[in-house]
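Work through the exercises below with the sequence and the model open. Each task is followed by a solution in steps.

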Amino acid sequence: MWMWNTMESRGVSSIIFDLDNTLVDTAGAGRIAIQKVCELLKSMHVQESHIKDICDHFLRKLLHESFDPSEGKTIDDVRIHHWYEALQETQGTDPDPALASSCYHTWKNTRLQVLTLSPEVRSLLEELRKNYKLLLITNGDTQTQWEKIEAVRCKGLFSLVVVGGDHPEQKPARSIFTHCFESAGVRPQDCIMVGDSLSADIQGGVNAGVRATVWINSDCKSLPQGSVTPDYTVPSVLNLNDILLELR
């Protein structure tokens, strides 16, 4: 339990949230998007035994993706190429570039259509912002993350929205948190960090010196050996009020 000198601390005045798989179910939206691509490939008479492998190849490329906008390509170009390579590697022949493009846009558009801020989470944020300054820090490239923020219509709920791709470093780097604190006019010790990623959100919060970190562990996973240890662990952001009561 954190101990604080009451003369030095006003209590928690600000909450920093992650976006993906913290406030919105990006993983769930991604699964639905992949299913839509499977249906597309089936309609294009792609061999059924290849379809799952094609999608798995794409997801592996997405997971290990490195994107540098200074190379002159857009994130759309990069991800269309992921699908092109996934088709090529699975089928053993050069695919129609138009099919790779169709796979990408089906995946991207479905994911954005399905992605939503649930009524319960929206209501929680609307209540919290009456008493706390709400900040959002999300890792990822500029275009992708702003498209998500626009799709779920959440920007107005936050005093500040910070997208990692707009900055030299992303979470868990201290610099992006420092930018956030300075821009929002808050002190690290007056903030808590809420997110699903131990390596980005929780480690980032520790690096930045926030008052407490809250790990959203929706799958009830065990804490990996050698991992950073969050101050609090909850299955959903909807459990946050209990923690805020403790931190008063």
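**Exercise 1. State how much space lies in the second largest pocket and what lines that pocket.**

Solution. The second largest pocket holds about 330 Å³ of space. Of its 18 lining residues, Asn21, Thr22, Asp25, Ile216 and Ser218 are the closest to its centre. Sorted by class, the lining has 8 nonpolar, 6 polar and 4 charged residues.

Terms and conventions. The model is predicted: local features need pLDDT of at least 70, side-chain atom pairs count only at pLDDT 80 or more, and totals for chains, interfaces and linings use all residues. Residues are numbered from 1 along each chain as its sequence is written, and side-chain values use heavy atoms, with hydrogens and water left out. A pocket is an open set of points on a 1 Å grid over the protein atoms alone, where a 1.4 Å probe fits, with protein on both sides within 12 Å along at least five of seven lines; lining residues have an atom within 4 Å of a point. A volume is the space filled by probe spheres set on the points. Ala, Val, Leu, Ile, Met, Phe, Trp, Tyr, Cys and Pro count as nonpolar, Asp, Glu, Lys and Arg as charged, and the others, Gly among them, as polar.

**Exercise 2. Describe the largest pocket and find where it lies relative to domain 1 and domain 2.**

Solution. Start with volume: the largest pocket has about 1,100 Å³. Next, its lining counts 38 residues, with Asp20, Leu62, Glu65, Arg79 and Lys148 nearest the centre. By class these divide into 10 nonpolar, 16 polar and 12 charged residues. Helices that each supply at least two lining residues include H1 (26-43), H3 (75-91) and H6 (142-152); helices (H or I, at least four residues) and strands (E, at least two) are DSSP runs, numbered from the N terminus. Finally, domain 1 (14-25 + 116-247) and domain 2 (27-114) both contribute to the lining, so the pocket lies between them. The domain bounds come from an automatic or database domain assignment.

**Exercise 3. Is strand S4 (residues 191-195) enclosed or open, and which strands pair with S4?**

Solution. Second, S1 (residues 14-17) pairs with S4 in the parallel sense over 4 bridges, pairing being at least two DSSP bridges. Here Ile16 stands opposite Met193. Third, S5 (residues 212-216) runs parallel to S4, joined by 4 bridges, and Gly195 stands opposite Trp215.
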